[in-house]
Structures are given as C-alpha cells and as structure tokens.
Amino acid sequence: MEAELAAAAKAKAEKAAATGAKAKGGKTKLVQKTGTGIVRQWNILKKMVPEDEIPQFADPVHWLKYFPPIGVEHMKRFGSGVDWRRAFITTSVNGYYDAFIRWQFNVLREKGKVLFGKRNNVYSIVDGQVCADHDRSEGEGVGPQEYVLIKLKVLAPDHGQERHSKMEKLLKRVDDEGKKGVYLVPATLRPETMYGQTNCFVLPTGEYGAYYIDATDEVFIMSARSARGLSCQAYDAANDVYFTKEFGMIECLETFTGDELLGLPLKAPNATYEKVYTLPLLTISMGKGTGVVTSVPSDAPDDYVALKALKDKPDFAAKYDITPDMVEPFEVVPIISIEGYGDASAVTMCEKLGITSFNDKVKLAQAKDETYLKGFTIGVMTVGPHAGKKVSEAKPLIKEEMIAANQAHLYFEPESKVVSRTNDECVVASTDQWYLAYGEESWCSAVKKHVLDDETFNAYDPTSLEKYESTLDWLKEWACTRQFGLGTFLPWDQHWVIESLSDSTIYMAYYTISHYLQGENNLNGDESKSPENIKVEDLTDDVFNFIYRKGFPVPENSSIPTETLEKMRAEFRYWYPMDLRVSAKDLIPNHLTMALYNHAAIWDDEPELWPRGYYTNGHIMVDAEKMSKSKGNFLMMLECVENYSADATRFACADAGDTLDDANFSRDTANTAIVSLSNEAAWIKEVLVDGDKSSMRSGDELNFMDKVLDNETNRLIKATEDCFAAMQFREGLQKGWFEMMIARNDYRSWCQDSGITMHQSVVRKWVESLIVLICPICPHWSEALWKDLGKQGLAVKASWPTAGEEDKLLTRQAKFLRDSLKNFRNQVGKAKKGCKDATVVVAENYPQWKVEALLWMQSQFDKESGSFPATFMQDLKEWSTTNVTDKKQVKFTMQFVSFMKKEVEDVGEMAMDIKCPFDQLAILKESQAYLKAQLSLEEVGIGNIDDVELAVPDRVAQNVSPGKPYLWIR
C-alpha cells in the first residue's frame with residue numbers, strides 16, 4: 001500500500017511539474033467514499049459565504065483567494081496598526097515566498113539539518129501520508145510513543161471450558177499450516193519487569209482479533225485498532241521488512257471477545273512461573289495499547305490490586321469462570337529493590353495508602369506514579385542476568401535481549417488520540433521520510449542555552465518558559481514533507497511537498513523584505529504588481545544568501561539592481577533580531593520551538609539574530625463558554641465591530657485575560673465599554689472643550705486633592721507602562737483606565753462636596769495622559785479626543801506621558817483618606833438609627849507592644865534590597881514567642897506584623913515608622929466637608945484620642961491606631 005501511495009504521489013507530482021502547476025490538495029478517500037467531509041464543510045461555509053459560491057471552494061486555491069482579503073479588511077475595521085505592504089500568502093501560490101522557502105531548505109540541507117530515512121511518525125492511512133500538527137482536528141502536539149510488545153505464547157487450553165473452542169480450532173489451524181504459534185501481545189513501557197509476571201489481563205467485554213504477522217509467521221491476539229497500527233510499522237527497518245506484506249493491511253484469522261480469552265494458559269517470557277493464565281481486568285482501555293495487559297503485581301499497583309481482588313473474592317473470580325488454580329498459586333515475585341519501598345514497591349504503596357479496590361483511582365494513580373518513578377531512578381534489579389544493576393541501566397539491555405530472542409517487538413502508537421482533518425484516527429507508521437534533525441545534541445544545546453538565558457530570550461511567563469524547555473527535551477526528528485497538499489516542492493526531490501509547519505519557521509525574516517517584492521494589495525505575489533519589478537525567477541539562492549547571511553557577496557549577473565539588494569539587506573539588518581513574536585500557547589510544542597531551531601541553524605554564526613522574545617496566550621471563550629458554531633456561541637470579528645464598535649470590542653479583548661489560561665470575551669464588558677467610553681468622552685469635552693474653563697482654578701497653588709490626583713496620574717502612567725511592556729494588557733487596562741477613573745472620580749467628588757472647583761492643569765494632565773494610556777486599546781476614541789483637545793498630530797504617535805516620580809508618602813496619604821472613608825461608611829451602616837453626629841478620632845502613637853514589633857521589623861528589613869528575609873515569618877514566630885511576655889498577645893503581635901509587612905511592600909520602609917509619618921488631622925480637616933457629604937451626617941468632628949476634653953471611651957479608643965482612625969458615632 002505504501003508503495004502504491006508513493007507511486008501515485010510521484011505521478012501526481014510529475015504531472016504537476018509538467019504542466020507548471022503547483023501542488024494542490026486532493027479529495028481524501030473519506031470524502032470520495034462518503035462525502036461526509038464535504039457535507040460538514042458545506043454547513044460551516046454556509047455561515048461565512050453565499051451558498052451559491054460554495055462549490056468554488058472545491059479548489060483549495062480558491063480559499064487562498066477568497067478569505068485573506070476579507071481578513072485584511074476586517075483587521076482594518078478592527079483598527080489594527082499593520083504595515084499591509086508586508087502581508088503575503090505563505091504557500092507556493094505566492095512565487096516569491098515559494099522561492100524563499102526553497103532557499104531556506106537548501107540552507108538547512110547544506111548545514112546537515114535535513115536528513116532522509118525510515119522514521120516512525122503519526123500517520124493517516126486514509127490520507128496516505130504523515131499527519132502533521134496542522135493536519136489534525138484532534139491531538140495537536142502528540143507524537144509517537146514507543147512500546148514493547150511482549151509475546152505470551154498461548155498453550156493448549158487445559159480446563160475444558162467451552163469458551164475456548166474457537167481458540168482450540170485456531171491453534172490446530174496454525175499447527176496444521178506450520179505457523180509458529182499464537183501469542184497474546186501486551187504492550188508495555190517496562191520490559192525489565194517481565195521477570196515478575198504472574199498472569200495476563202484482558203477486558204472481558206473487549207473485542208480482539210487473531211492477526212497473521214507475515215514477518216514472523218505468527219499470530220498475534222490484539223485489538224483491531226492496534227493491529228491496524230502494527231500493519232504500518234517496520235519489523236526490520238534496516239532491511240525494509242514490515243510486520244505485514246502489504247502496508248496498512250493485516251489479515252484477521254479469527255475474532256474473540258475478552259471472555260473467550262479468559263482462563264487461557266500462557267508461556268510468558270522471562271517469567272518465574274512456567275505457566276500463567278489470562279484473567280479479567282475491568283479497567284483496561286481498548287483505546288490504549290493492544291487491549292492486552294501483562295501483570296507484574298510486585299511493581300504495578302493496578303496489577304497487585306486486581307490479582308488480590310481475584311484471590312480475596314471467590315465470587316468475583318467465579319463470575320468469570322476463573323478457577324482457584326488459575327489464581328491461588330501465583331504469588332508476588334520480587335524483582336526490583338527500591339530503598340524505602342522494599343523489593344515489592346507496589347505492595348508497599350498499596351498498603352501505605354490503604355488501597356483495597358481498583359475503584360480507588362486517585363490513590364492508585366499516586367501509587368503508580370511514585371513506584372514507577374522511584375523504580376526507574378533508584379531501583380536495582382534483583383533477578384536475571386542484570387541483577388545488581390540500576391533499572392535505568394538494565395532496561396534498555398533487557399529490551400534489546402528480548403527483541404533479539406524473538407520474545408518481543410517494538411510497537412508504536414500516538415501518545416494520545418490523534419484524528420486527522422479527514423476524520424481518520426491516526427496510527428504511527430514507519431515511512432521513508434525527509435525529516436529535520438531536531439533534538440540533535442549540539443543544535444538542541446545551542447537553542448536551549450539561548451532560551452534559558454533571560455539576557456537573550458524573554459518568554460514573558462515562567463510557565464511558557466517551562467514549556468519551551470520541555471519541548472526542547474522531547475521534540476526530535478520532525479517529518480517535514482508529505483506527498484501531496486498545498487506547499488512548496490522540496491527543491492532537490494520534487495516528489496515531496498514541504499508541510500505547513502516546516503515552511504513557516506523563519507517567515508518573520510521574509511516580512512523585512514516582502515514590501516520590495518510584493519507590496520500592498522498583492523497577497524498572492526502577482527509579479528506585475530512588484531514595487532521593484534522583481535521577478536520570481538530572479539530570487540536565486542545567491543540573492544537570498546546576500547540579503548540574509550553574513551559574508552556573502554553581491555550575486556553576479558543578477559537582474560535585481562545592486563542598490564535594491566543593498567536596501568533589502570539593510571532592511572533585514574535593521575529589523576532583526578525579532579524582538580517579539582505573539583502567538584498561541586498550542587504552538588509552543590511545534591511552530592514556535594521549530595522557529596527557534598531554524599533560526600539557530602540558518603544564522604548559526606550570528607546568534608544575536610535569533611528570536612528575542614515570544615509572548616503566548618490561551619484560546620478565547622465567549623461569556624465563559626467555549627466558542628462553538630453549533631451552539632451559536634461564536635463571534636466573528638466584523639460582527640463584533642458592527643455590534644459594539646471597534647474600540648469597545650478591543651476593550652473587551654484587553655479585559656479578557658493575560659495569562660496562558662483561556663481568555664473570556666464578555667459581551668457585557670463590550671456593552672459596558674460603549675457606555676463608559678461615551679460618558680468619558682462627553683465629560684472630557686464638557687470640561688476641557690465646550691465648557692467654561694475660566695470656572696476652573698489655575699496657578700501653582702495646589703490643595704491636598706490636587707496633589708493626590710497629580711500623584712496618582714504619575715503612578716498610573718508608570719504602572720500602565722510596566723504592564724504593557726510585560727504584555728499584560730488586562731492589568732494595563734486596570735491601571736490605565738479603571739484606576740485612572742477611580743482617581744478622577746475621587747477628586748471630582750472631593751472638589752464638589754468641598755465646594756471647590758477643579759484645577760485646570762491637573763485635570764488636563766490627567767485627560768491627556770488617559771488618552772495616550774488607553775490609545776493602544778481604544779485608538780479611535782483616543783484620536784477623536786486628541787483632535788478635540790487641539791493637539792497636533794496623532795495620539796498613536798504621541799510620546800508616552802512624562803510621569804514625575806511617585807510621592808509614596810502622598811500615595812499613602814491618599815490611601816489613608818480612601819480607606820478611612822470606606823471604614824466610616826461601614827460603621828455608619830451598622831450604627832443605630834437616629835445617630836446624626838460623629839467624631840473622627842485619630843491617634844499619633846502606637847501602644848508599646850506595637851512599637852516593639854515595629855522596631856523588630858526595622859531590624860529585619862534590608863534597605864538595599866527593599867525586602868525582608870525569606871525566613872521572615874518563621875523568624876517572627878520565634879521572636880514573638882520569646883519576647884512577648886503576655887502569651888495571649890502573641891497572636892495579635894503576629895497578625896499586626898503580617899499586616900504591616902504588606903504595608904511595607906506597598907509603600908516602602910516608611911510604613912514601619914513608630915509614629916504616623918503624616919498629619920492625619922490636617923488631611924481629615926481639609927476633607928471634613930467631603931466626609932460629611934459622603935457619610936450623609938449632619939455633623940462630623942475631628943479630634944485626637946489624647947484630647948482630654950474629647951473624653952474618648954475605652955471601647956472606641958481600642959479601635960484607634962496611627963493611620964487607622966475610627967468614627968465615633970453618637
């Protein structure tokens with residue numbers, strides 16, 4: 001079958017080459033036979049294009065002509081700041097890009113990074129080719145997993161059970177035809193444990209088949225799914241021998257239910273017992289491995305619990321016609337010694353965790369993870385020829401010995417389920433393949449060194465960085481070609497097409513010169529529209545080498561003027577290295593890591609040109625639900641812009657989330673943004689454009705709240721800048737919009753309630769800062785107001801607001817007033833009805849026990865680092881228990897210090913001052929009218945706790961401390 005597919009692909013490629021056509025995607029077998037693919041796509045397309053145009057999408061090139069221009073238009077409506085001269089299509093339809101990809105692969109081959117050979121890759125039998133990540137509807141990022149098939153030979157049934165009649169006939173047939181036996185073939189990751197086999201498990205309700213293996217002249221009992229995969233794999237890759245004669249085809253001699261396999265006697269390789277039996281296990285997944293599981297109860301908790309259940313519960317065994325002699329004689333066989341776990345780690349862990357049933361899934365998973373990890377890392381073999389060796393050393397040796405002795409074979413399947421876009425569940429196939437040698441030691445080390453150095457690479461998130469490191473550890477040889485589909489033909493072997501991820505790894509470099517080659521409104525690379533009149537045929541490898549690589553001369557006899565080549569080379573050198581690439585988290589295991597690899601290969605002599613930063617985000621939900629066309633919970637960009645406006649849509653996108661977690665686009669947020677943006681624009685125009693500005697104060701004299709708003713503006717300018725620099729747009733929106741609103745609202749209310757007009761220069765600074773801060777998110781709103789204010793140029797090109805140094809003491813004073821008012825409101829809400837008068841009571845000094853705690857905190861504080869030691873809380877506990885004489889006071893001391901530690905983190909060292917570092921009475925008295933209005937009280941007095949005439953009761957006094965006034969209501 002593979003040969004036929006290859007021949008068909010070759011013929012197709014030759015035909016395309018002869019006609020000058022580029023590779024095109026053909027209909028899959030699934031679509032040809034059932035039409036279900038067409039029906040599904042038709043229904044989806046109906047929601048996006050006029051129905052009478054849908055038939056044109058049978059041509060894959062039509063997709064490239066139809067949707068990209070629409071995407072450009074929608075992005076423009078969204079307000080995206082894009083240099084559209086550099087936009088292009090990344091397939092062979094675009095001859096310029098096609099030439100760029102051919103050059104890239106020629107360089108990779110020159111550097112020994114592209115190799116050829118038989119490799120195991122995730123493969124679609126229906127499509128007849130390797131199924132790369134972007135060809136999948138499920139299972140992106142999943143690679144091949146190696147297993148070892150253990151051959152347990154089926155012996156003649158010895159209990160006279162009727163259910164074994166089919167097996168008896170199969171054994172006779174195999175014997176009559178001279179075949180070499182029937183085997184149950186469990187797939188294991190731990191061949192070194194086979195010395196401890198006590199039985200074999202199958203799923204009683206599972207469906208199994210007896211499959212003929214041509215390469216060994218044997219019959220394997222396994223699931224149909226696993227047999228399908230095995231038929232695509234090499235038995236002897238070096239000699240091009242597959243398990244079956246025909247690729248992808250395997251002969252089934254008989255079918256069995258799991259029940260019909262129970263009670264069969266087996267000969268297990270390396271086992272201590274001469275004969276073991278097939279027993280029931282109800283937790284087997286037929287979607288993983290072969291559906292057959294060999295049992296090693298000494299080191300596998302699941303196996304131990306299952307075997308023990310059959311021994312301890314005769315009724316359970318009898319339900320499946322399992323006789324005592326199939327279970328009772330088989331005791332746990334110690335094979336691996338693990339320090340702290342003994343020589344039967346599974347038994348130890350099950351007893352330790354109290355596991356008594358295979359329904360204890362969480363505990364079993366914990367036991368399995370721990371025993372497997374400890375067994376591999378510190379376990380020592382106690383049996384067999386490798387006794388005394390560490391398991392990690394013995395494992396590969398035992399595997400090779402069993403394979404050489406024809407007791408086992410390698411078998412591969414995807415790490416988890418993979419489904420192609422043609423709805424085919426993929427297998428792992430051994431195919432001849434061009435591949436990129438990712439994982440090669442020196443190449444991988446160079447990339448890892450670059451990524452893990454925060455001086456050369458910024459992942460913006462520690463979790464993302466861990467994912468890059470993990471991917472570099474496991475990403476190995478990558479199949480970079482397929483036999484048909486859209487893409488660039490491999491330059492030196494045009495029977496192959498470069499797959500869609502492999503041709504999209506350094507296209508960031510193409511951005512730097514694409515405007516010379518294609519220009520605006522030329523996504524497909526029409527030569528007649530080239531701004532520099534450059535022809536595709538002029539883009540030779542020598543041309544690209546001169547533009548992109550160091551030390552290459554101007555190409556001789558090039559039709560492209562030297563001046564133009566020099567400009568393109570300078571443009572590339574101006575923009576590179578790439579400072580930031582924004583992408584999705586699901587591309588870390590492929591595209592993004594591959595881009596790092598390929599940059600490191602192409603520019604191996606210039607690591608300063610490698611990518612400097614990647615920011616990745618999660619997927620997007622709508623109103624906390626996954627987007628789904630079938631559920632109607634799906635939003636198109638243009639739809640959002642038309643419903644909410646571009647800026648309100650962008651506002652909701654910014655508010656959706658910053659982390660790798662899936663972001664949530666909220667329709668309510670978008671609707672609220674419309675109102676908020678409109679109201680703020682109206683207020684700004686009323687105050688600074690249309691209103692009487694003479695009614696506002698001016699001059700250098702500023703009151704307390706003038707200074708507070710100015711200081712808050714300074715603080716939030718810097719905070720927003722830091723957020724945007726870290727790609728934290730939700731947090732930036734919080735600082736640059738919401739907290740700016742809070743600061744202005746507090747100021748406006750204070751002025752209004754105090755009977756004082758606002759200060760013009762303070763308000764103007766706040767407004768102009770707000771317009772620029774929110775401009776990256778809501779550019780249209782900002783531009784309109786920028787113009788209304790009479791500002792020159794565009795807001796998007798305006799300098800970032802100049803922020804004075806934050807006055808942290810003033811920040812603390814503002815917080816003092818804000819927090820005090822909040823506490824006063826709570827007290828008023830709890831006060832008895834009829835209370836109209838109140839006095840704000842303040843204290844200048846702490847009680848002695850708090851003074852001592854603050855002095856201790858000062859002694860622990862490191863002024864250079866501006867922080868406390870990592871052991872601060874532990875040290876606090878020791879100090880409190882030793883130095884606080886009243887044991888009841890220890891708890892209060894620790895609570896007070898914990899609170900003050902947070903204060904120090906917020907405002908700095910001044911929070912530990914023994915006395916309040918500002919005049920509380922002055923702030924409160926200046927805000928007295930404001931407080932009275934906000935609290936709806938007829939009278940609010942202000943007084944010191946030490947004022948004898950005030951006569952503050954003890955019940956009130958105990959609630960007052962420096963910086964924490966109390967409202968005495970009466």
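Reply: Let's start with a term: a residue is buried under 20% relative accessible area, exposed over 50%, and partly exposed in between, using a 1.4 Å probe and protein chains only. Helices (H or I, at least four residues) and strands (E, at least two) are DSSP runs, numbered from the N terminus. Keep in mind that this is a predicted model, where local features need pLDDT of at least 70, side-chain atom pairs count only at pLDDT 80 or more, and totals for chains, interfaces and linings use all residues. Residues are numbered from 1 along each chain as its sequence is written, and side-chain values use heavy atoms, leaving out hydrogens and water.

Now find helix α14, residues 441-451, where W443, C444, V447, H450 and V451 are buried. Looking down the axis of α14, these buried residues fall within an arc of 130° (taken from the directions from the helix axis to the C-beta atoms), so they line one face of the helix. An α-helix has 3.6 residues a turn, so residues three or four places apart point the same way. On the face of α14 turned away from the buried side sit the exposed residues E441 and K449. The buried residues pack against α15 (462-474) and α19 (588-602), contact being heavy atoms within 4.5 Å.

As for the strand, β10 (residues 218-222) has 5 of its 5 residues buried. E218, F220 and M222 lie on one side, V219 and I221 on the other, and both faces are covered.
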